[in-house]
Amino acid sequence: MTHHPKSGQPILRVDGLTKRFGGFTAVDDVSVAIRSGERFGLIGPNGSGKTTLINCISGALHSDIGRIVFNGEDVSRLPAYKRTRRGIARSFQIPRPFKSMTVLENLLVAIDFAAIGHGLSVRQQEAAVGAILEKMGLGAKAHALSSQLSQVELRKMELARAMAARPRLLISDEAMAGLSGSEIDEVLALLVTLSRDGITIILIEHIMHAVMQFSERVVCLEAGRIIAEGTPAQVMGDARVQEAYLGA
């Protein structure tokens, strides 16, 4: 399987995506293209449709209308685990580690699930996982039980579990919620490192300065529609964005 979209093609293209729940339209005709290696921020007030859009991209939900093309392939009808194996990984706001397992064991489960048929020996798997933990600053915690980790260490482990899937696209869903300023900087630095390794990153985040610092391009959703798209400065300066967040 090719590791790069055909030249000029975005790695992810969302075309006319609509998702309804009964009579409620959560995502309303959204189209966006994300280029390979891009640091992309997704913002919007609560209830704007961010999570629904991400659930449709990752495969947790199937859209009613529209299509999702990843790496040149229409993945709109694929189940989530098949999208993971094609290179779409997602980390969650609330990490749900296997608490009775060590950090290393948690990652071995992730690598097994995501890369089935990877042909790696146990030793190679452990080496791959060890390298990820070192990169995430968790090398010293490899044999600690995940139940013993601090909040910021748990967030790092959640990102590490996503990275064990060897993604080309990482969706980071509120990885910084509830962290202190210095901890936010730690997670941001990690995401920048992953980006430099060539991973495309979609950052969904309520902490505005983090999104603005990290993203090359930002999209703002409100009521399921894109109301602004551009550089962080352009989007923050947009009157509709300010109104969506602050009220008229």
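Colleague: In which sense do strand β6 and β7 pair, and over how many bridges?

Modeller: Strand β6 (residues 88-91) and β7 pair in the parallel sense, over four bridges. Strands pair if DSSP finds at least two bridges between them; strands are DSSP E runs of at least two residues, helices are H or I runs of at least four, and both are numbered from the N terminus. This is a predicted model, where local features need pLDDT of at least 70, side-chain atom pairs count only at pLDDT 80 or more, and totals for chains, interfaces and linings use all residues. Residues are numbered from 1 along each chain as its sequence is written, and side-chain values use heavy atoms, with hydrogens and water left out.

Colleague: What is the bridge partner of A89 in β7?

Modeller: L170. β7 also pairs with strand β8 (residues 200-204), in the parallel sense over five bridges, and there the partner of L169 is T200. From β7 the chain crosses through helix α6 (residues 181-196) to β8, and this β-α-β crossover is right-handed (with the strands pointing away from the viewer, the path from the first strand over the helix to the second runs clockwise).

Colleague: Is β7 buried or exposed?

Modeller: Five of the five residues of β7 (residues 169-173) are buried, so the strand is largely enclosed by the rest of the structure. Buried means under 20% relative accessible area, exposed over 50%, partly exposed in between, with a 1.4 Å probe and protein chains only.

Colleague: Which residues point which way from β7?

Modeller: L169, I171 and D173 point one way, L170 and S172 the other.

Colleague: Other topic: where does G137 lie?

Modeller: In the loop between α4 (122-135) and α5 (151-164). G137 counts as exposed, because its relative accessibility is 54%.
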